[in-house]
Amino acid sequence: MFHGLPNEDPYAHLSTYIEICNTIRLVGVPEDAIRLSLFSFSLSGEAKRWLHSFKGNSLKAWDEVVEKFLKKYFPESKTAEGKATISSFHQFPDESLSEALERFCGLLRKTRTHGFSEPIQLNIFIDGLRP
């Protein structure tokens, strides 16, 4: 259930939602139609109100729903904030290498639209390690 709260991850919600929808197969019914018709049941509170704010059947394509959902619940400001956090990564004094790597990977997952290539990610991580 996604409520639209600031601490919720809309990407994780969509991933779980699609995983659940992929367990449903109806002959002659496209995947996207299933996803569109069931999406409101995965939302609650503010997020459900947001979805119902679209008039009638104005959202006709699953890709359009995903785009609007992410724009609403993971706006550019969150991406910019996440990119800044990733860019300024530093290993904590009492943190092991594996703990630092795990935390760094968590930052990357938290901002999936960070846009850093793998070589840049590696450079940021290495530069952030303590001497």
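Which backbone nitrogen does the side chain of Glu95 reach? The side chain of Glu95 reaches the backbone nitrogen of Phe92, at 3.0 Å; a polar contact is a pair of N or O atoms within 3.5 Å, where, within protein, one must be able to donate a hydrogen and the other to accept it, and residues adjacent in sequence count only if both atoms are side-chain atoms. The model is predicted, so local features need pLDDT of at least 70 and side-chain atom pairs count only at pLDDT 80 or more, while totals for chains, interfaces and linings use all residues. Residues are numbered from 1 along each chain as its sequence is written, and side-chain values use heavy atoms, with hydrogens and water left out.

**Glu95 and its loop**

- Glu95 lies in the loop between helix H5 (76-87) and helix H6 (97-110); helices (H or I, at least four residues) and strands (E, at least two) are DSSP runs, numbered from the N terminus.
- Glu95 is buried, at a relative accessible area of 7%; buried means under 20% relative accessible area, exposed over 50%, and partly exposed in between, with a 1.4 Å probe and protein chains only.
- Apart from neighbours within four places in sequence, Glu95 is in contact with His90, Ala100, Arg103 and Arg130, where contact means heavy atoms within 4.5 Å.

**Packing of H1 and H4**

- Two packed helices are described by the angle between their axes and the distance between the axes.
- Helix H1 (residues 10-21) packs with helix H4 (residues 62-73) at an angle of about 150°, and their axes are 10 Å apart.
- Axes are lines fitted to C-alpha atoms, for helices over the stretch in contact, and angles run from 0 to 180 degrees between N-to-C directions.
- H1 and H4 are therefore roughly antiparallel to each other; angles under 35 degrees count as roughly parallel, over 145 as roughly antiparallel, 65 to 115 as roughly perpendicular and the rest as oblique.
- H1 contributes Pro10, Tyr11, His13, Leu14, Tyr17 and Ile18 to the contact, and H4 contributes Trp62, Val66, Phe69, Leu70 and Tyr73.
- The residues of this contact of H1 with H4 comprise 10 nonpolar, one polar and no charged; Ala, Val, Leu, Ile, Met, Phe, Trp, Tyr, Cys and Pro count as nonpolar, Asp, Glu, Lys and Arg as charged, and the others, Gly among them, as polar.

- Thr16 lies in helix H1 and is partly exposed, with a relative accessible area of 42%.
- The C-alpha atoms of Thr16 and Met1 are separated by 9.9 Å, and the two residues are 15 residues apart along the chain.
- Lys72 lies in helix H4 and counts as partly exposed at 39% relative accessibility.
- Lys72 touches Glu46 and Trp50, residues up to four places away in sequence not being counted.
- From C-alpha to C-alpha, Lys72 and Gly128 are 32 Å apart in space, and they are 56 residues apart in sequence.

**Thr111 and helix H7**

- Thr111 lies in the loop between H6 and helix H7 (118-128) and counts as buried at 3% relative accessibility.
- Not counting residues up to four places away in sequence, Thr111 touches Phe74, Lys78, Thr79, Gly82, Lys83 and Ile86.
- Ile120 has its place in helix H7 and counts as partly exposed at 38% relative accessibility.

**Cysteines**

- The structure holds zero disulfides, a disulfide being a pair of cysteine sulfur atoms within 2.5 Å.
- Cys21 is buried, with a relative accessible area of 5%, whereas Cys105 is partly exposed, with a relative accessible area of 28%.
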